[in-house]
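Here is a short briefing on aromatic pairs and cavities. Take a look at the model before reading on.

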Amino acid sequence: MDALTEVELKQFVDSVRRYFSVITKQDPQITSAFLGTRDVQGHEFNGLVSFSGSYNGHVMVSMPAPMLRELLLMQHETDLSDPHLLDAVGEIANTLAGNARKTLGAGLEISVPVTLQGAAGIQARVRQRPYVITLRWNHQPALVFVDMERRR
Amino acid sequence: MRLMVVDDSNMIRTRISRVVQNGGVAGISLVGLARNGAEAVRIARATRPEVVTMDLTMPEMDGVQCVAELIRMLPEVHILVVSALSDKSTAIAALKLGARGFVSKPFTDDELKLALLNLMEAH
């Protein structure tokens, strides 16, 4: 297995920016991007998409409830219940994963999203050294974990 | 024209419905919302949609299988793929299957409206 290149990792940062810019017309602030460890502290709502085919691993999006409620309100959604917040974070993970195909190629197979409520859910899924993107949007923090490698 | 929206995300189903129902696309009425391909086929049998927006990555029956099945059932149906799979080969594959258009997620309301209007004009 090979680690992702800088270009491949940057594509996820660009996808996060693009998601918020397109959906909210408000750019997020990417506050950091680094190689993390298993001791990561996620947020309450988490969406995970697994990769297979030419890559192995997953991408996870971790967001607090206020951010997700704001994202839904901006799209004129009125049901802000926990199931809908989970659905939203799952769809964001799906979008980032699907967009990755543009750079990583059609050999990247993506799963349907899995959603997890509770910060502990992230720790159970993170492997050894995820690439962590931290961001702020509308004064709220969020995390994107890119935990994947290329098959040889 | 009768529209069915197919997507496993409630946020996307709601959003596309809102764009269409708030008069954003004249001449279109929403006849069904499906959470996966299998549900879409069941709903399509009853409502016979003329236009369908279709996600590709879904449980129970994915969008590729669903496109093929809907075109078999309703040869005149116009399918707009709305997917996060933004590589060119996926778009080409969807069009070869019989879809008439492709919108990449994330999309703006205007992008969706334009794609639906183009689809309706071609119908």
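Helix 1 of chain A gives the largest share of the lining of the second largest cavity, 3 residues. The model is predicted. A search of the whole structure finds 2 cavities of 30 Å³ or more.

**Second largest cavity**
- Its volume is about 30 Å³.
- The lining consists of V16(A), Y19(A), F20(A), V61(A), M63(A), I92(A), L96(A), L135(A) and V144(A).
- Helix 1, strand 4 (55-63) and helix 3 of chain A each give two or more residues to this lining.
- By class, the lining has 9 nonpolar residues, no polar ones and no charged ones.

**Largest cavity**
- This cavity has a volume of about 40 Å³.
- Residues from chains A and B line the cavity, including Y19(A), E91(A), R15(B) and F107(B).
- Two or more lining residues come from each of helix 1 and helix 3 (82-99) of chain A and helix 1 (10-24) of chain B.
- Helix 1 of chain B gives the largest share, 3 residues.
- The lining holds 6 nonpolar, 2 polar and 3 charged residues.

**Aromatic cluster**
- Over all chains, the structure holds 2 aromatic pairs.
- Y19(A) and F20(A) form an edge-to-face pair, because their ring planes are at 85 degrees, with centres 5.9 Å apart.
- Y19(A) counts as buried, at 4% relative accessibility.
- F20(A) is also buried, at 2%.
- F20(A) and W137(A) form a tilted pair, with centres 5.6 Å apart and planes at 40 degrees.
- This pair links distant parts of the chain: F20(A) is in helix 1 (residues 6-24) and W137(A) in strand 7 (residues 131-137), 117 residues apart.
- Y19(A), F20(A) and W137(A) form one aromatic cluster.

Methods
Residues numbered from 1 in each chain as written. Chains lettered and ligands numbered in written order. Predicted model: local features only at pLDDT ≥ 70, side-chain atom pairs only at ≥ 80, totals over all residues. Heavy atoms only, no water. Phe/Tyr/Trp six-rings, centres within 6.5 Å; stacked < 30°, edge-to-face > 60°. Buried < 20%, exposed > 50% of the residue type's maximum accessible area, 1.4 Å probe, protein only. Helix = DSSP H or I, 4+ residues; strand = E, 2+ residues; numbered from the N terminus. 1 Å grid on protein atoms, 1.4 Å probe; cavity = no way out; pocket = protein on both sides within 12 Å on 5 of 7 lines; lining within 4 Å. Points joined across faces, edges and corners; volume = space filled by probe spheres on them. Nonpolar A, V, L, I, M, F, W, Y, C, P; charged D, E, K, R; others polar.
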